Amino acid sequence: MTRMRTAPLTGPLAAAIVAAAAAAVLSAGQAPPASPRALQISHSARELAPGEAVLLTFTAAAGSLTAVRGSAFGQPFTAYEGRSAGTWHALVGIDLAARPGPASVEAEARLADGATLAAKVALKVGPKSFATRSLKVAPEFVTPPPAEQARIERERLLLNRILSAISARHLWDDGFGRPVDGEVISLFGARSVYNGEARAPHRGIDFRGATGTPVRAPARGVVVLAEPLYFSGSTVIIDHGLGVFSMLAHLSRIDAKPGSLVLRGDTVGAIGATGRVTGPHLHWTLRIGAAAVDPLSVLAIAGAGQ
């Protein structure tokens, strides 16, 4: 009996058979297996809109990731290793001034064997509307007197220098929490009108509270500023690492010292009414790189900082 040998299929016929097999898998409701050398990117967010924080997750079936860098919504990021083996994360922000429309996440990862992987994900930033708030404050906080101009400019440069310094290590291992327990009385992004004059949008949130109420560090970090400023009053800024900062403003008392490491929940000051205010409250600004984001969007992300 003669056995027949079948030669392997090549050329257009082979390609057609492979394509037909892939189509059959998809028609059965199953996705074809991912390439073992592919970098997978997923995201978690309250919504994709201006002023929102987004938690990116990176994984690869090929092996252990040793570093991940890239850009998201037009801003660079450096990822950090997650608690799950082989998983990395990046906390990124969509700036309040971002325009709705197409956006992307681009990343390059390095593997333990020295190989590199790259991936790009297309996203879409949706529209978002913000309320308008009208406030009555002391006239010198709307039109500062000439004698204060040098101080205001000096503080502006100081804040720019502090908030543009990117420390290499992420410190918020146990995530973020509320700095006080009071209700939110002024929302992020509100268009601000002071004494009838339009000013910049509100780039933080305000919490109700009585003077002297302790203010907690929202997350682990290093105190990089603890002093009175013209507009924000007595202020504490905490560097959480990788370009993430918290600013806690209008304090009646500062309990933190520059250079000190604070843990989530440590007391760093007390609610007050210093600077440009209408009464006692706590203002919390959260910056991710150059993006100002709603702190509540960080608190809403499941597993933020994990």
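Is glutamate 47 buried, partly exposed or exposed? Glutamate 47 is partly exposed, because its relative accessible area of 33% falls between the limits of 20% and 50%. The model is predicted, and twelve salt bridges are found in it.

**Glutamate 47 and lysine 128**
- Glutamate 47 pairs with lysine 128 in a salt bridge whose closest N and O atoms lie 3.2 Å apart.
- This pair links distant parts of the chain, the two residues being 81 residues apart.
- Glutamate 47 belongs to the loop between strand 1 (39–45) and strand 2 (53–60), and lysine 128 to the loop between strand 8 (116–125) and strand 9 (132–135).
- Lysine 128 is partly exposed, at a relative accessible area of 29%.

**Glutamate 52 and arginine 46**
- A salt bridge joins glutamate 52 to arginine 46, with 2.8 Å between the closest N and O atoms.
- Glutamate 52 is buried, with a relative accessible area of 0%, whereas arginine 46 is partly exposed at 38%.

**Arginine 253 and aspartate 255**
- The side chains of arginine 253 and aspartate 255 form a salt bridge with an N to O distance of 2.9 Å.
- Arginine 253 is partly exposed, with 37% relative accessibility.
- Aspartate 255 is likewise partly exposed, with a value of 37%.

**Shared partners**
- One network, built from salt bridges that share partners, takes in Arg46, Glu47, Glu52, Lys128 and Asp294.

Notes. Residues are numbered from 1 along each chain as its sequence is written. This is a predicted model: local features need pLDDT of at least 70, side-chain atom pairs count only at pLDDT 80 or more; totals for chains, interfaces and linings use all residues. Side-chain values use heavy atoms; hydrogens and water are left out. A salt bridge is a side-chain nitrogen of Lys or Arg within 4 Å of a carboxyl oxygen of Asp or Glu. Buried means under 20% relative accessible area, exposed over 50%, partly exposed in between (1.4 Å probe, protein chains only). Helices (H or I, at least four residues) and strands (E, at least two) are DSSP runs, numbered from the N terminus.
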